[in-house]
Amino acid sequence: MTQARATSPNDGIAARRAALHLIEQATGAQRLLSESIAAGALERLSPPDRARAQRLATQVLRQLPRADRALKPFLVKQPPLAVRNALRLGAVEIMEGAAAHGVVNAMVQIMSKGKRTQSYKGLVNAVLRKIGEQPGEAWAKLPAPKLPNWLRGPLVEAWGRKPVEAMEAVQAQLPPLDLTAKGDAAALAATLGGELLPTGSVRLREAGQVSALPGFAAGDWWVQDAAAAVAARVLDARPGERVLDLCAAPGGKTMQLAATGADVTALDLSEARLARLRENLDRTGLAARVVQADALEFDETGFDAILLDAPCSATGTIRRHPDLPHAKDGSEFGALIALQAEMIDHALGLLKPGGRLVFCTCSLLPDEGEVQVEEALARHPGLVNDREVLARPGIAPDWIGPEGLRLRPDFWAERGGMDGFFIACLRPGARDG
Ligand SMILES: C[S@@+](CC[C@H](N)C(=O)[O-])C[C@H]1O[C@@H](n2cnc3c(N)ncnc32)[C@H](O)[C@@H]1O
């Protein structure tokens, strides 16, 4: 295999065991990694092991169909899920360059400690050794993992087969790290050796530990996907304007809005997520009024501008959260779509006359983007869909459709892609304002 990294036989047992737990929760109990981690799955690990466990689990879930393809020739019948996941983890590590003997020893040791798995340690040993004998290019030759049918079907219907294949190719890669600068983005790119993207974000291909990067502790920047950063730029808040960030936590967009000098109110339902927003504001030295409330019950009016980054399927973020297609099946999306429409209607009523609402979702499903705008325009006579404000620096004209700005993972593929997002700017007519 390519470039073996040094591992000692007992290296990484705790991290691998925790990674297997996360993978089992996602593939067997339909739990997102974030849910398992919030429930304490990594609590007993050291910080480096925690990071390693999360990285391993994420990479296995990203490459799961590829791992299954690589393993298939060596399995006469499928072993139980816990063993299958151990084989997947071992195969991904080996195929991506870890020293095979270290991985095999670790996985055999883990199998031998479990009642359900100890009788499979011989199988795991034999299969992973065979994986280790594969030529270096075998992994790269396996096709990019396909999205599951429940999601692939609607996406092919919306965007076509070729674009969906292009999205899958981007989703198979490790995503870059995108940063938003509090101040001068070009200077930040120069300091960190990153790429200044045309939309103003800074992209790092290999970042390592985020908190160790220059400027993190000083709050000079925050992590935010390039596509996610576009929505607040479209809102174009001005110093002194009263701006409401209606679904704000953990605060990436709140910080962008606060950095403009606007008078920002950041609202969210989740106290736990607001705690992260407060930490982010503290670190960056930016100011916003923080409100814990249900957006639908918040009745303060007279805002110049509102950003509604509504809760959604998050299907645009799969390259960063590859657990999603394994843990979800689309059954919750109907309720989210209904909530988004209610939130749009409520937000329009909080604007002052002449105000603007930017609605966005990190979804690839038109029902959570284009269709929401179409239906809002039908519900609110006089509502104007302002597409001119979408033509921002770095935005290709053909990304702007009749309903709004559509960003997709396959855009900028040669640069490392971007998250999927939909963004529109709505201006109420006299009856809504
Ligand atoms: C897409 S996330 C927001 C991300 C955030 N704008 C950022 O840039 O960091 C959606 C947020 O909506 C919040 N949320 C869900 N239902 C809500 C409700 N009824 N009222 C207010 N916030 C809600 C969630 O807690 C979550 O933080």
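Student: How far apart are the end C-alpha atoms of residues 139-429?
Tutor: They lie 56 Å apart in this predicted model. The span is 33% helix and 20% strand.

Student: And which UniProt annotation covers residues 139-429?
Tutor: The UniProt record, an unreviewed entry, gives "domain: SAM-dependent MTase RsmB/NOP-type" for residues 139-429.

Student: Let's zoom in on helix H14. What span should its 14 residues have?
Tutor: H14 runs over residues 271-284. At 1.5 Å a residue, H14 should span 20 Å. Its end C-alpha atoms are 20 Å apart, so the two agree.

Student: Which residues of H14 are buried?
Tutor: Leu 274, Leu 277, Asn 280, Leu 281 and Thr 284 are buried. These residues cover an arc of only 110° around the axis, so they sit on the same side of H14.

Student: OK, what about the other side of H14?
Tutor: There, Glu 271, Ala 272, Glu 279 and Asp 282 are exposed.

Student: What covers the buried residues of H14?
Tutor: The cover includes helix H13 (252-259). It also includes strands E4 (221-223), E6 (263-268) and E7 (289-292).

Student: What comes just after H14?
Tutor: Gly 285, which takes a positive phi of about 70°.

Student: New topic. How many residues surround the ligand?
Tutor: 16 residues do. The closest are Cys 247, Gly 252, Leu 269, Ala 295 and Asp 309.

Student: How does that shell split by class?
Tutor: The shell around the ligand has 8 nonpolar, 3 polar and 5 charged residues.

Terms used
Residues numbered from 1 in each chain as written. Predicted model: local features only at pLDDT ≥ 70, side-chain atom pairs only at ≥ 80, totals over all residues. Near = placed C-beta within 6 Å. Nonpolar A, V, L, I, M, F, W, Y, C, P; charged D, E, K, R; others polar. Helix = DSSP H or I, 4+ residues; strand = E, 2+ residues; numbered from the N terminus. Expected span 1.5 Å × (residues − 1). Buried ≥ 20, exposed ≤ 12 C-beta atoms within 10 Å, placed from the backbone. Arc of directions from axis to C-beta. Contact = placed C-beta atoms within 7 Å. UniProt positions renumbered as here; feature names shortened; annotations may be inferred.
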